[in-house]
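The stops below are meant to be selected one after another.

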Amino acid sequence: MKEGGRKQGAMSPCAACKLLRRRCAQDCVFAPYFPADDPQKFASVHKVFGASNVNKMLQELPEHQRSDAVSSMVYEANARVRDPVYGCVGAISSLQQQVDVLQTQLALAQAEVVHMRMRQFTSTHDVDPALASNSGSPSSSRQLMSNSQTKSLFSMDLVVDHANNMGESLWSC
Ligand SMILES: [Zn+2]
């Protein structure tokens, strides 16, 4: 995060103090994160959270975490301004849906691979003269083919498993 807000001259207030029409003190908590050349950044955060809440949240954090907190508040505020109903939850759930679709595709592809390996396995064993003479061989290959019908059940398990993991990691951050 740029900390050049003050370097433009001690007299020029940061974007927050300018909007709040107050004097920008030397130790202004907003100044490092809300430079005067980006007034919209503070405007949306102020609109959604309120300047005094932003102030409080920043004061409660150690200085090395404030820049990340400001980025996250600006992101949340902009999302809330764009989408007053869902805010950034709208983006999260749309990404979650994409993850679900991709997990399903992945599970289907993995099941396909398993299915193809099984077919390869049976075909190499059919060539084997010891097994080819075995009268049980055609029925065992038919049995393996029927596994393609249980494939959908198998892939459902995979999807649920992965989707849960992804859900947790998305919501915990
Ligand atoms: Zn200030």
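**Starting point: Asn78**

Select Asn78, which sits in helix 4. The model is predicted. Is Asn78 buried, exposed or partly exposed? With 17 other C-beta atoms within 10 Å, Asn78 counts as partly exposed, because a buried residue would need 20 or more and an exposed one 12 or fewer.

Lys47 and Asn78 are separated by 31 residues in sequence, and their C-alpha atoms are 9.8 Å apart in space.

**Helix 2 against helix 4**

Show residues 39-49 as helix 2 and residues 63-82 as helix 4. Their axes come within 8 Å and cross at roughly 75°, which means that helix 2 is roughly perpendicular to helix 4. To see the contact, pick Lys41, Ser44, Val45, Lys47, Val48 and Phe49 on helix 2, then Met73, Val74, Ala77, Asn78, Arg80 and Val81 on helix 4. By type, the residues of this contact are 7 nonpolar, 2 polar and 3 charged.

**The nonpolar core**

Next, go to Cys14, Ala16, Phe30 and Phe34, the residues with the most contacts inside the largest nonpolar core, which has 17 residues. Helix 1 (15-20), helix 2 and helix 4 each supply at least two residues of this core. Helix 4 gives the most, with 4 residues. In soluble globular proteins, nonpolar side chains tend to be buried together.

Note on methods. Residues are numbered from 1 along each chain as its sequence is written. This is a predicted model: local features need pLDDT of at least 70, side-chain atom pairs count only at pLDDT 80 or more; totals for chains, interfaces and linings use all residues. Axes are lines fitted to C-alpha atoms, for helices over the stretch in contact, and angles run from 0 to 180 degrees between N-to-C directions. Angles under 35 degrees count as roughly parallel, over 145 as roughly antiparallel, 65 to 115 as roughly perpendicular and the rest as oblique. Two residues are in contact if their C-beta atoms, placed from the backbone, lie within 7 Å. Ala, Val, Leu, Ile, Met, Phe, Trp, Tyr, Cys and Pro count as nonpolar, Asp, Glu, Lys and Arg as charged, and the others, Gly among them, as polar. A nonpolar core is a set of buried Ala, Val, Leu, Ile, Met, Phe, Trp, Tyr and Cys residues joined through C-beta atoms within 7 Å.
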